[in-house]
Amino acid sequence: MQNPLENSSSNPFEIAAEAAAAIARLTGVANHDIALTLGSGWAKAADLIGETVATVPATDIPGFSAPAVAGHVASIRSIKLPNGKFALVLGARTHFYEGHGVRRVVHGVRTAAATGAKTMILTNGAGGIKETWKPGTPVLISDHINLTASSPLEGATFVDLTDLYSSRLRAVAREVDATLDDGVYCQFRGPHYETPAEVQMAKHIGGHIVGMSTALEAIAARESGMEILGLSLITNLAAGIQKEPLSHAEVLQAGKDAEVRISALLAQIIAKI
Ligand code: HPA
């Protein structure tokens, strides 16, 4: 069956509203307060932040489909936080490089907004440009450079992206760990990793982190009025900064090695939001 978001005459916000209604029905939670997309290395956070009320296969929700990358869990979880609020955990991210169109990429974020979430936490595994960042270092995203030549906004929709990655939420994260560094995230299309020359370009235009997600999602989250916290796990130094070639296996392993530590960090941050 074709995904309804790929039908150009459909309305992505209506499909997000249908998805939110399905989530409310299947989880028994009418509204969520905060939403998280857990990228490589961050998945364990879902177990640490509170009590899971329901886990739903993403494929049961309108507009979602199975993820392309092994290691990404295709489920949507509703979690009751110790403070009584509800968190929606999106385990199934659709990447721009999958070629299904940007509507599919941001459907999770729009659905989260439609469930009532006012805060969007976007996490990812990414390459680091700063040589001092060892693999396994979590970094706050302070801003982004969108190198995908795409946008989730359709038509003449002019949205301000100043303070896109909330300075207030970054300060909250630093109350938990004052040593957290931050950096500008450059989203490339992928799925190939960058060339060393592209990494140098990213560095020269002000980037510190390279990855294949998050920027488009952040734009959609802002359009929907959510406050955004972005966190990258540096799984490797970017191409040419590290001398060895990059491998997906290395990226996944770095995520596994750091998972317990960074998930605990994220859980502590969420407790303060
Ligand atoms: N580049 C882009 N995406 C990534 C990287 C990288 O070096 N590492 C993990 N995701």
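**View 1. The loop that holds Pro191.** Pro191 is located in the loop that runs between strand β7 (181-187) and helix α6 (196-204); helices (H or I, at least four residues) and strands (E, at least two) are DSSP runs, numbered from the N terminus. The peptide bond leading from Gly190 to Pro191 is cis, and its omega is near 5 degrees. Most peptide bonds are trans, and most residues other than glycine have a negative phi. The model is predicted, so that local features need pLDDT of at least 70 and side-chain atom pairs count only at pLDDT 80 or more, while totals for chains, interfaces and linings use all residues. Residues are numbered from 1 along each chain as its sequence is written, and side-chain values use heavy atoms, with hydrogens and water left out.

View 2. Asp163, in the loop between β6 (137-146) and α5 (167-176), has a positive phi of about 55 degrees although it is not a glycine. Thr214 belongs to the loop between β8 (209-211) and α7 (215-223), and its phi is near 70 degrees. Asp163 is partly exposed, with a relative accessible area of 38%, whereas Thr214 is buried at 0%. Buried means under 20% relative accessible area, exposed over 50%, and partly exposed in between (1.4 Å probe, protein chains only).

**View 3. The salt bridge of Arg104 and Glu6.** In this pair the closest N and O atoms are 2.1 Å apart. A salt bridge is a side-chain nitrogen of Lys or Arg within 4 Å of a carboxyl oxygen of Asp or Glu. Arg104 is in helix α3 (residues 102-105) and Glu6 in the segment before α1 (12-27), so that the pair links distant parts of the chain, 98 residues apart. Arg104 counts as buried at 7% relative accessibility, and Glu6 as partly exposed at 34%.

View 4. Glu227 and Arg168 meet in a salt bridge (3.0 Å, N to O). Glu175 forms a salt bridge with Lys272, the closest N and O atoms being 3.5 Å apart. Glu175 is exposed, with a relative accessible area of 55%, and Lys272 is partly exposed at 45%.
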